[in-house]
Amino acid sequence: MSEEPLLKVENLKTQFFTEDGTVRAVDGISFEVYEGELVGLVGESGAGKSVAALSVMRLIDSPGVIVDGEVTFKGKTLVGYEETTGEPGEPPELVEREEMLTEEEMRTQIRGREIAIIFQDPMESLNPVFTVGSQLREFIELNRDLSGTEARAEAVQMLREVGIPEPEKRYEQYPHQFSGGMRQRVLIAMALACEPSLIIADEPTTALDVTVEGQILDLVEELQRKYDTAFVWVTHDMGVVAEICDRVNVMYLGEVIEQANVEELFYDTKHPYTEALLASMPRPDRTTGELNPIRGVMPEAINPPSGCRFHSRCPDAREVCRRVHPDLRAIENGDHDGDENGRVHRAACVKHDAFDVGYPESEPLENEATGGFEVGLTQEGSR
Amino acid sequence: MGLLRYTVWRCLQAIPVLVGILTITFFLTNAIPGDPVSIMLGPTPSAEMVEQIQARYGLDRPLHERYFSYLAGVAQGDLGHSIYYDVPVLTKIIERLPVTAYLVFSAFGFALLTAIPLGVISAKRRNEPVDHVSRIVALIGVSTPSFWIGLLLIIVFSFQLGLLPATGLFLPWADPANVRGAATQFDVVVESFKRLLMPMVALGTLQMASITRIERSSMVDSLQNEYVKLARAYGVDERGVIWKHAFKPAQLPVITIVGLGLSTALGGAVLIETVFEINGMGRLIIQAINNQDYPLVMGTTFMLGALYLVGVIITDISYAYIDPRVSYGEK
Ligand SMILES: Nc1ncnc2c1ncn2[C@@H]1O[C@H](COP(=O)(O)OP(=O)(O)O)[C@@H](O)[C@H]1O
Ligand code: SF4
Ligand SMILES: [Mg+2]
């Protein structure tokens, strides 16, 4: 390992204690983000991406609780508990470690100042009763200790930078006078203007049409290079991943099931779920014109399947997959151990030798993918 | 400047409504059975006297002629002449209106000052004990008639405890010479406030309760908004999140309820003025009706209608002030 990661998430668990049961929305995920890097968090809707993003900033509201795990950012402990105990189905007794930041410290040192967030729906993310400028100015003032006038100048400059024409005039206008794409530019300006080290973008282009999405992605790539800000880019769209990400974490039902740099993920895929995601997207490098949507629906996060959570939909599933729950492990790679930065390719699938639990001898499993039975097709990203 | 244009436009729109109010009051009043002349002159007046009086008040002319001359009069600020009091209607209204305005205005002040914090705290501490208590209080408030609250207050604070005077109300800037037992203006202010307290609470409780309810539910919704979460994600403190980012957009439904409450409160003032024997507009209307004093009935009804209209316009303008989409004509 050549350097310390900017953000390190280890075994993070966030659960929602609802009347119907405990929703294990994020169930022990680990990933790192290094400085200036664009890291993708991909998966179908309901995989736990948004919950993971909000958990990092400790913005989970009741009935959600971060029940376990560790999040460190620039040496500060954002989440960190002593041993946790509790009855299943009840929020556990949590004892925060000494060094874990207080709510006040999170607010004044982390949120906005070090980690900024961009939400999915630009139409809902701006307050309709304040001008766009006043919202920008308030957050810049707060997170960069600037005076009102300085913050204003900075806001106008940032609006210009994200490609909003006539920024002086637009500064005075209200959100309803902006289109969806323009609002998303405003929100990107807002995030960048606070000069954080990390921006978490939760499906920021999902609500936009394809042309506007393309423009926004180009803009983000350009600005990301210019400001050298690290990004966690949440999306369900492998196309977006291919376009902008350096490294990728694929999530399925609250878990990260594959972790690799973007080339290896696409050309040396290790996990059947990632394969299925890739098969479901149009690719210029594949000659077959046919798309293969992933079969079946993702199970509920309340009662996740035993063993490998993907076994109900995995084309390669065997008996053993129902029994053994694979953790995320480094998968040996013929050519090298990890990429140029020493970052390894990991996957959670027992068919790899790293697991050695008897996959080759195991009986194939009939399921939604292998034709045992068929449930409605789902494919994320139908626009 | 969207807001200014909107304000002017809204005031112009009020003119036809005022004419409508005038027309309806005029014809309704004339449809009341009974005859003011016979009341004035007693049971067996002579024919000449009847004619003389009718001529004096223009009652001998046909209805439509009287209608148009009444409209013309009002346009010039002449609301007619009170038969019973024998003074211009406007004089009587100017004498009585300020007390009613003082009462209604204070009742709303009391309602807003208590309801807004209560509603917001209730929303913030949803389903906690504070919330349950405030919701029960609000429920009792909306379901208790104001005159009953008034009577209860009088029984407790005047008859039992002897703390507050039960009847009468005057303005804080009344002349000390006209107020019994008051030597200085300060005494007048104190006495005026003591007399205001009970009718204000009696009239304001319903408003307070309904504003608390709408404030709570509106804030509960508002706190779920994505932009409120965004403010929190950018490190805005809890006070700013609640009182700025969630509060301002949440006031739109509240304003609507306050506007609607104004008509209820004006109606309620008639009852409260009767209970507390306050010589305001409400009692004036009742006296005018009992005496079949047509010009006074029309004048006071029209005045209350106009007052309500002012309330509606203020509501609309505050609405536009908060929601830019209204002043820019997009909603
Ligand atoms: N407030 C909540 N209450 C209960 N369950 C929730 C809540 N928020 C999210 N979840 C559940 O957590 C899981 C992950 O949700 P989310 O992170 O929004 O998925 P994604 O962003 O990947 O589409 C889902 O099963 C969802 O139903
Ligand atoms: S562990 Fe089994 S079911 Fe899970 S992805 Fe691998 S092969 Fe499929
Ligand atoms: Mg999401």
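UniProt positions are given here in the numbering used for this structure, with feature names shortened, and such annotations may be inferred rather than shown by experiment. On that basis, an unreviewed UniProt entry places the feature "domain: ABC transporter" at residues 7-278 of chain A. The structure is a predicted model, in which local features need pLDDT of at least 70 and side-chain atom pairs count only at pLDDT 80 or more, while totals for chains, interfaces and linings use all residues. Residues are numbered from 1 along each chain as its sequence is written, chains are lettered from A and ligands numbered from 1 in the order in which they are written, and side-chain values use heavy atoms, with hydrogens and water left out.

**The annotated span of chain A**

Residues 7-278 of chain A are 38% helix and 27% strand, and the end C-alpha atoms of this span lie 27 Å apart. Helices (H or I, at least four residues) and strands (E, at least two) are DSSP runs, numbered from the N terminus.

**Ligand 1**

Ligand 1 is surrounded by 13 residues, the closest being A:G46, A:G48, A:K49, A:S50 and A:V51; a residue is counted if one of its heavy atoms lies within 4 Å of the ligand. The table lists polar contacts, that is, pairs of N or O atoms within 3.5 Å; within protein, one must be able to donate a hydrogen and the other to accept it, and residues adjacent in sequence count only if both atoms are side-chain atoms.

| Residue | Atom of the residue | Distance to an oxygen atom of ligand 1 |
|---|---|---|
| A:G46 | polar backbone atom | 2.7 Å |
| A:K49 | backbone N or O atom | 2.8 Å |
| A:S50 | polar side-chain atom | 2.7 Å |

**The interface between chains A and B**

In chain B, 20 residues are in contact (heavy atoms within 4.5 Å) with 28 residues of chain A. About 2,400 Å² is buried between the two chains, and carbon and sulfur atoms give 66% of this area. Buried area is the accessible area (1.4 Å probe) that two parts lose on being put together, summed over both. One salt bridge is counted between chain B and chain A, a salt bridge being a side-chain nitrogen of Lys or Arg within 4 Å of a carboxyl oxygen of Asp or Glu. A:E138 pairs in a salt bridge with B:K244, with the closest N and O atoms 2.9 Å apart.

**Salt bridges overall**

Over all chains, the whole structure holds 34 salt bridges. One of them joins the side chains of A:K74 and A:E114 at 3.1 Å, N to O.
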